[in-house]
Amino acid sequence: MKKRTLLIFIGVLLLIILIPIKTNAKKKHHETLISMGEFKITYYCSCGKCSNNWGTKTSTGNYCKEGKTVAVDPDIIAYGTRILIDDREYVAEDCGSDVIGDHIDIYVEDHETVEKFGIEYKKIWLIKKKKE
């Protein structure tokens, strides 16, 4: 009996370690998703070529963070807006001279990643808190 319990415990522990748990905004009851349709997605880093020598400082005064910061056209998506792309949440904290209209530029740490992903088209969702 002890051996079986130990094996079950080890199995559950392995599942917890090996299966990443993802926070998905779609499951939060106090938030709602608003479809913005399909946007052009590009990537940028802090190199001079990508950032026009601005480095990691954003147009809102924050510093870029991979997995969080995106550049948007503030006439389309307001600064501070939370955005869902491929079940990952980002924050609109930056803009760029080439980011116009239905275009989002995702910040990444290195230029190799920028070149690897190139240009994609993806569905974009705005994350809004539900009014109570």
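**Entry 1: strand β5 and its partners**

I began with valine 70, whose bridge partner in β5 is isoleucine 106. I noted how elements are named here: helices (H or I, at least four residues) and strands (E, at least two) are DSSP runs, numbered from the N terminus. The model is predicted, so local features need pLDDT of at least 70, side-chain atom pairs count only at pLDDT 80 or more, and totals for chains, interfaces and linings use all residues. Residues are numbered from 1 along each chain as its sequence is written, and side-chain values use heavy atoms, with hydrogens and water left out.

Next I looked up the strands themselves. β2 and β5 run antiparallel and are joined by 2 bridges. Two strands pair if DSSP finds at least two bridges between them. β1 and β5 also pair, in the parallel sense, over 5 bridges.

How many residues of strand β5 (residues 103–107) are buried? I found that 5 of its 5 residues are buried, so I wrote the strand down as mostly covered. Buried means under 20% relative accessible area, exposed means over 50%, and partly exposed lies in between (1.4 Å probe, protein chains only). In a regular strand the side chains alternate between the two faces of the sheet. In β5, His103, Asp105 and Tyr107 are buried on one side, and Ile104 and Ile106 are buried on the other.

**Entry 2: strand β6**

I moved on to β6, which pairs with β1 in the antiparallel sense over 10 bridges. Isoleucine 41 has glutamate 120 as its bridge partner in β6. β3 and β6 run antiparallel too, with 4 bridges between them. There I noted isoleucine 83, whose bridge partner in β6 is leucine 126.

**Entry 3: glutamate 93**

I picked glutamate 93 in strand β4 (residues 88–94). Is glutamate 93 buried or exposed? Its relative accessibility is 5%, so glutamate 93 counts as buried.

I then listed what glutamate 93 touches, where contact means heavy atoms within 4.5 Å. Leaving aside neighbours within four places in sequence, glutamate 93 is in contact with Thr58, Ser59, Thr60, Asn62, Lys68, Thr69, Val70 and Tyr79. Two of these came up again as polar contacts: the side chain of glutamate 93 meets that of asparagine 62 at 3.3 Å and that of lysine 68 at 3.1 Å. A polar contact is a pair of N or O atoms within 3.5 Å; within protein, one must be able to donate a hydrogen and the other to accept it, and residues adjacent in sequence count only if both atoms are side-chain atoms.

**Entry 4: salt bridges**

How many salt bridges does a search of the whole structure find? I got 5. A salt bridge is a side-chain nitrogen of Lys or Arg within 4 Å of a carboxyl oxygen of Asp or Glu.

Lysine 68 and glutamate 93 form one, with their closest N and O atoms 3.1 Å apart. Lysine 68 sits in the loop between α2 (48–51) and β2 (69–71) and glutamate 93 in strand β4, so the pair ties together parts that are 25 residues apart in sequence.

Aspartate 86 and lysine 122 form another, at 2.4 Å from N to O. Aspartate 86 lies in the loop between β3 (82–85) and β4 and lysine 122 in strand β6 (residues 120–129), so this pair ties together parts that are 36 residues apart in sequence. Aspartate 86 is partly exposed at 48%, while lysine 122 is buried at 17%.

Salt bridges with shared partners join Glu31, Arg82 and Glu89 into one network. In it, glutamate 89 and arginine 82 have their closest N and O atoms 2.7 Å apart. The side chains of glutamate 31 and arginine 82 also make a polar contact of 2.4 Å. Glutamate 31 is in strand β1 (residues 31–44) and counts as buried at 8%, whereas glutamate 89 is partly exposed at 32%.
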